[in-house]
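Let us walk through a protein structure together, one step at a time. Have a look at the sequence and the model, and then read on.

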Amino acid sequence: MTDNVAAAQNSTAGTVVELWICVTCGMIYDPAEGDPDGGIAPGTAFADIPDEWVCPVCGARKADFVPYED
């Protein structure tokens with residue numbers, strides 16, 4: 001199992017967490033990590049992030065993220 005797939009699985013609940021990738025710079029948003037510097041707490045699902053949030057790496061809009069597929 002690759003690290004990305006392993007990171008996408010929540011072993012305690014047995015569910016798969018959806019990762020999102022910025023199409024501009026390739027930054028991967030992992031709900032388990034959140035974006036604390038951007039005001040997004042760990043454990044925050046991508047759907048629950050405010051639309052005003054931007055990529056912490058390149059400043060792209062939330063709309064510029066797509067589901068990450070390994």
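A residue counts as buried when its relative accessible area is under 20%, as exposed when that area is over 50%, and as partly exposed in between, using a 1.4 Å probe and protein chains only. By this rule K62 is buried, because its relative accessible area is 11%. You are looking at a predicted model, in which local features need pLDDT of at least 70 and side-chain atom pairs count only at pLDDT 80 or more, while totals for chains, interfaces and linings use all residues. Residues are numbered from 1 along each chain as its sequence is written, and side-chain values use heavy atoms, with hydrogens and water left out.

Start with the overall layout. The protein has 1 helix and 5 strands, and from the N terminus on the order is α-β-β-β-β-β. Helices (H or I, at least four residues) and strands (E, at least two) are DSSP runs, numbered from the N terminus. Of the 70 residues, 29% count as buried. Two residues are in contact when heavy atoms lie within 4.5 Å.

Now go to the inside. In soluble globular proteins, nonpolar side chains tend to be buried together. A nonpolar core is a set of buried Ala, Val, Leu, Ile, Met, Phe, Trp, Tyr and Cys residues joined through side-chain atoms within 4.5 Å. The largest one here has 11 residues, including C22, M27, I40 and A60. C55 is another member; apart from neighbours within four places in sequence, C55 is in contact with C22, C25, M27, A60 and F65.

Which residues form the aromatic cluster? They are W20, Y29, F46, W53 and F65. Rings of Phe, Tyr and Trp (its six-membered ring) pair if their centres lie within 6.5 Å; planes under 30 degrees apart count as stacked, over 60 as edge-to-face and the rest as tilted. The structure holds 6 aromatic pairs. In one of them, the rings of F46 and F65 have centres 5.6 Å apart and planes at 40 degrees, so this pair is tilted. The pair brings together distant parts of the chain, 19 residues apart: F46 is in the loop between β4 (28-29) and β5 (65-67), and F65 is in strand β5. F46 counts as buried because its relative accessibility is 6%, and F65 does so at 4%.

Y29, in strand β4, is buried as well, with a relative accessible area of 0%. Leaving out neighbours within four places in sequence, Y29 has contacts that include L19, W20, I40, F46, W53 and F65. A polar contact is a pair of N or O atoms within 3.5 Å; within protein, one must be able to donate a hydrogen and the other to accept it, and residues adjacent in sequence count only if both atoms are side-chain atoms. A polar atom of the Y29 side chain lies 2.6 Å from the backbone oxygen of T44.

Let us return to K62, which lies in the loop between β4 and β5. What does the charged end of K62 sit over? The charged end of K62 is over the ring of F46, 5.1 Å from its centre; this label requires NZ of Lys or CZ of Arg within 6 Å of the ring centre and within 35 degrees of the ring normal. The K62 side chain also reaches the backbone oxygen of I49 at 2.6 Å.

Side chains of opposite charge can pair when their charged atoms come close. A salt bridge is a side-chain nitrogen of Lys or Arg within 4 Å of a carboxyl oxygen of Asp or Glu. There are 2 salt bridges in the structure. One joins D51 and K62, whose closest N and O atoms are 3.8 Å apart. D51 is exposed, with a relative accessible area of 63%, whereas K62 is buried. R61 and D64 form a salt bridge too, with their closest N and O atoms 3.1 Å apart.
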